Amino acid sequence: MKGANTMRILIAEDDLASRKFLSKFLSAYGECDITIDGMEALEAFMMAWDEAKPYDLICLDIMMPELDGIKTLKTIRDIESQKGIEESKRVKIIMTTALNDTDSVLGAFETGCEAYAAKPIDTKKLVEVMKKLCLIH
Amino acid sequence: MTVKVKGSNNENESKTNKLMVEYSKSMEPLLKDIAENINELKCSFEKVDLAGIERHAHVIKKISSKISASAVKSAVFKVELAIRRGNIAEAAEYFKLVTKEFYIYKKQLKNYENS
């Protein structure tokens, strides 16, 4: 667990209002990078590794252009496996979705996300999830 | 007497060089686009136009991806990320890196053309 305000957070969200909201809220817990689609999220994820400053938390929207959240999640997990990163040290990923689509959410869990948050995001629940994931106290 | 062997090393090398020159020439319009967007980006920084900075940085990123200018792409992506965080000072630092990497990239292409 990192100290307050020291987390590295990546938000991947195509909707302007949602990413502004998430970024404003999560900025209290660390430095937030914002990407607008899955491809950008992957680029940011790899760049962070190249600079030895990996993210602690990624919030991935399921419905995104270019590369959707599920495919992005799968690619991130594949890259981590290739790098030989232990399961406990993998980035924590919370999927965000406006969908009441249990298949998508189940698919995301099978692919390796830690949690999901339905939109509109309930910030209290999000904090609870981050606590459960040992990202904050 | 000289013996010319089809596919010899010299011939292949010359073909490769010719292709490289053609390739670098074909990229001239894209390089011009990047240069223009770098100027626009500079103007946006001077006007503290955050939306303009993000827009021009994004265009440069797309073009540099097309021409495999990975160092330019990486630097300009950092400009985008910094500006989305609202950190104009950090974005300005990365902008310097963009211009430097673009200069290096163009120099490498020129070397191919002159070789």
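Trainee: Is B:Lys61 buried or exposed?
Mentor: B:Lys61 is buried, at 7% relative accessible area. Buried means under 20%, exposed over 50%, partly exposed in between (1.4 Å probe, protein chains only). The model is predicted: local features need pLDDT of at least 70, side-chain atom pairs count only at pLDDT 80 or more, and totals for chains, interfaces and linings use all residues. Residues are numbered from 1 along each chain as its sequence is written, chains are lettered from A and ligands numbered from 1 in the order written, and side-chain values use heavy atoms, without hydrogens and water.

Trainee: Which salt bridge does B:Lys61 form with A:Glu43, and what is the N to O distance?
Mentor: Side chains of opposite charge can pair when their charged atoms come close. A salt bridge puts a side-chain nitrogen of Lys or Arg within 4 Å of a carboxyl oxygen of Asp or Glu. Here A:Glu43 and B:Lys61 meet at 3.0 Å, N to O. A:Glu43 lies in helix 2 of chain A and B:Lys61 in helix 3 of chain B, so the pair joins two chains. Helices (H or I, at least four residues) and strands (E, at least two) are DSSP runs, numbered from the N terminus. A:Glu43 is buried too, at 19%.

Trainee: What separates the closest N and O atoms of B:Lys61 and A:Glu40?
Mentor: They are 3.5 Å apart, again in a salt bridge. A:Glu40 is buried, at 1% relative accessibility.

Trainee: How many residues of strand 2 of chain A are buried?
Mentor: Five of the six (residues 30-35), so strand 2 is largely enclosed by the rest of the structure.
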